[in-house]
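Student: Could you walk me through this one? I'd like to take it a piece at a time.

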Amino acid sequence: MAQADRYTELINTPIGKLVQKQVGLPAPVPLKRFSPGDAVADGRVLLGGAPGGRLARPLAKLVAEIGAEASTPLREDLRAAAAEAGLDAGPWTPAAAASQRYGAVVFDATGITEPAQLEELHAFFGPTIRRVKRCGRLVVLGTTPEAASTPSEQIAQRALEGFTRAAAKELKAGATGQLVYVAPGAEDQLASTLRFLLSSKSAYVDGQVIRVSAAGIVPTIDWSQPLAGKVALVTGASRGIGAAIAATLARDGAHVVGLDVPALEGDLKAVTGAIGGSALTADITADDAPSTIAAYLKREHGGVDVVVHNAGITRDKTLGRMDEARWNSVIQVNLGALQRITDALIAGRRRAVLNENGRIVCVSSIAGIAGNFGQTNYATSKAGVIGVVDAYAPLLARQKATINAVAPGFIETQMTAKIPFATREAGRRMNSLSQGGLPVDVAEAIAYFASPASTGVTGNTVRVCGQSLLGA
Amino acid sequence: MTAGPRRVAVIGGNRIPFARSNSKYAKASNQDMFTAALDGLVARFGLEGERLGEVVAGAVLKHSRDFNLTRESVLGSRLSAETPAYDIQQACGTGLQAINLVAAKIALGQIDAGVAGGVDTTSDAPIAVGEDLRQILLDANRGRSTQDKLKPFLRLRPQHLAPAPPRNEEPRTGLSMGEHQARTGAEWGITREAQDELTYRSHQNLAAAYERGFNADLVTPYLGLERDQNLRPDTSLEKLAKLKPVFGGKSGTMTAGNSTPLSDGAATVLLGSEEWASAHGLTPLAFFVDAETAAVDYVNGREGLLMAPAYAVPRMLARNGLRLQDFDLYEIHEAFASQVLSTLKAWEDPAFCTTRLGLDGPLGSIDRDKLNVNGSSLAAGHPFAATGGRIVASLAKALHERGGGRGLISICAAGGQGVVAILEA
């Protein structure tokens, strides 16, 4: 897939670099992607925070756990937090930045309770943003604005979004920037989110906001096999993004049940066969499909832990020329079936097919956020998927399950390879990383939501779009 | 052999005033200077013709012909020619390590008395020929016939004639010591003001020590120099603030003022058992209690080049059941003001003390009024191997003067090493 992006290859040759600089062309760098055994953070982690923040301890603990080299400013609370966590943190002051490069720069902004204190962001990131390494990470952690205790705090915390998105655009060479809103009481829920954002698993996630809420106890897991012993259903698993999702969940230890239409049985079995999963064929729009799927999962596996609603189709036409069949089939496959299957899997509360601590992950689309010419049907369905997440998150919380969505931007697949050259190039380059993503980038985000440690991560729609200009 | 270790007395010391590089001592060799310091010590304590257990010293910058520098100095001195001697080298830790070695032998009863110290010249520095020329000369030397001996010279090119002076950089990082410390100091947030303040106090304290005659029985004039040449009693914070940074780039905080200058000089210390001292009618100034040497991995960037003493001190404290605050005087060698301040800051830092030193909490801060009370290297200068002797003699006398007490010595060294010691009186 990456082969298709000849421009990125060319621009990274010596001559290409020369031309790119002279002409001022976009300069995408090949993004570092995760391979098993990689360290979570690729380089030293600089840990800062506004005075009075509440996340220094969990952050220090996490950085100690991932075994990263670390530095913190010489402020008493941060140094004490590092000491308590057993984090061997080197000292840091703004004057020290010049000689050091950072794999990640992380800032606890929860101490900011009024707009004037936003200056802390400037003071910390001003001297450090240009020290972020190639494919490095910038992460700001704040308090969920709606959970703030005063209007001033809510305003200041809401402001973090603008800062982080703008800083993400200033980061160079494949580095990304994100904001994590941590609800009060959710300080113990951070590990899966930070591990994802700091690692190369989030290579194509940029300029995003993730909300972490208070939830039950986070189980202790083997981070190299987070889904060990879990059963995962992936719809539309026979190719493209679906195949990558199946492979990634299998890598994380899950037994994957791949589902696709009978016509693609051959492709599907090739995918599931390679990862030791099982194949299930069904037309998800059929009336009996939800009950068939639920029964199969109950019978074969006693239930399901992770459900990935990936199956989707496009039937593009401008609205005036779109026939009823195009409209209906897209809504049915992308939204209607998704909701009905979800209902079938969560029905019965305690006896539901979806096991306790279940994870539902939907695949939305950037078109569902920004809209797209010729895709009124598709955009409607994908915005509806976000609606499913919003509506079901509180319902699922009662049975200790979560639901989230990923919204892919331009992903290099067979589907996007067919887009005409000019449109394709525009789609690829119009984002902060100046390139398209890979199916695995979507799959990694899904695997993060699917992790048993993502207990407090629900109701999110995270774009996997390299901070696309569309709908931003 | 006696049973069990014996107390080791620091009986006294003698040094020559330290000179600035390429100045008063430009023509003096290491051997000249060390012999002068040694003879001063012999004169002060009446050791003419005395056979001592040993003399141990060294120089950091040394000519290859000076392979037996200390022994040659002994032979040139008024000590008995039967006094054995040997050289050691541990960069700026040389002097204190030499003292530690002599003290250990006295403690064990292997010897009763000895002299330790060090010397360095940055003026009369050894200059080597370049590697290419060296190979040519060696090949010529190996030739048997005249023709064989001349042939290698055909390879000689003009650039081969450029000399290779001693390098002032760490071989493994290519960075000078000052650049290393600039990084460490910046990380620890050491300000220009704090460094200049420490420098100012060093000059004030050393000047005051000379004024009240403190150095009269520690320093012997040499080649027309009576006091350390680098000492500037009239310097002020304003003058120091005007100096340009020399390390750490344009925004650096380290200047020629708050970094030690290259200097020339020699220092010696006389150590002995209590019995030996009383047999010779000598009164110990203090006792050498313990020493510890540490090294850090500065190559992979995990620790600052000059931070080893920060590790050595807590190990030595633990062994002696002491806290950092249990001292009446502190002698932290001022290689750079920034080094002293970084070390003190690290000891106050909970993260450093728990994760790197493995302690339960910070060592804490010290009373700055007890630090380098008679001046240190920023004012006196720092002829590398001579510094240990200067500090031990000076601290021993200061402890004796105040009628007792405990003193801590900390000396950082190139190669990421550090030597520290405790004296008691």
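Tutor: Two residues are in contact if their C-beta atoms, placed from the backbone, lie within 7 Å. This is a predicted model, where local features need pLDDT of at least 70 and side-chain atom pairs 80 or more, while totals for chains, interfaces and linings use all residues. Residues are numbered from 1 along each chain as its sequence is written, and chains are lettered from A and ligands numbered from 1 in the order in which they are written.

Student: How many residues does the contact take from chain A and from chain B?

Tutor: Chain A gives 18 residues and chain B gives 12 residues.

Student: Which elements of chain A give two or more of them?

Tutor: They are helix H4 (76–85) and strand S3 (89–92) of chain A, where helices (H or I, at least four residues) and strands (E, at least two) are DSSP runs numbered from the N terminus.

Student: And what order do the strands of the sheet in chain A take?

Tutor: In chain A, 7 strands form an open, parallel sheet in the order S3-S2-S1-S4-S5-S6-S7, and two strands pair if DSSP finds at least two bridges between them. S3 and strand S7 (208–212) of chain A stand at the edges with a single partner strand each, so one side of each has no neighbour in the sheet.

Student: Switching to chain B, how many helices and strands does it have?

Tutor: Chain B has 14 helices and 14 strands.

Student: What share of chain B is buried?

Tutor: Buried residues make up 55% of the 425 residues in chain B, a residue being buried if 20 or more other C-beta atoms, placed from the backbone, lie within 10 Å of its own, exposed if 12 or fewer, and partly exposed in between.
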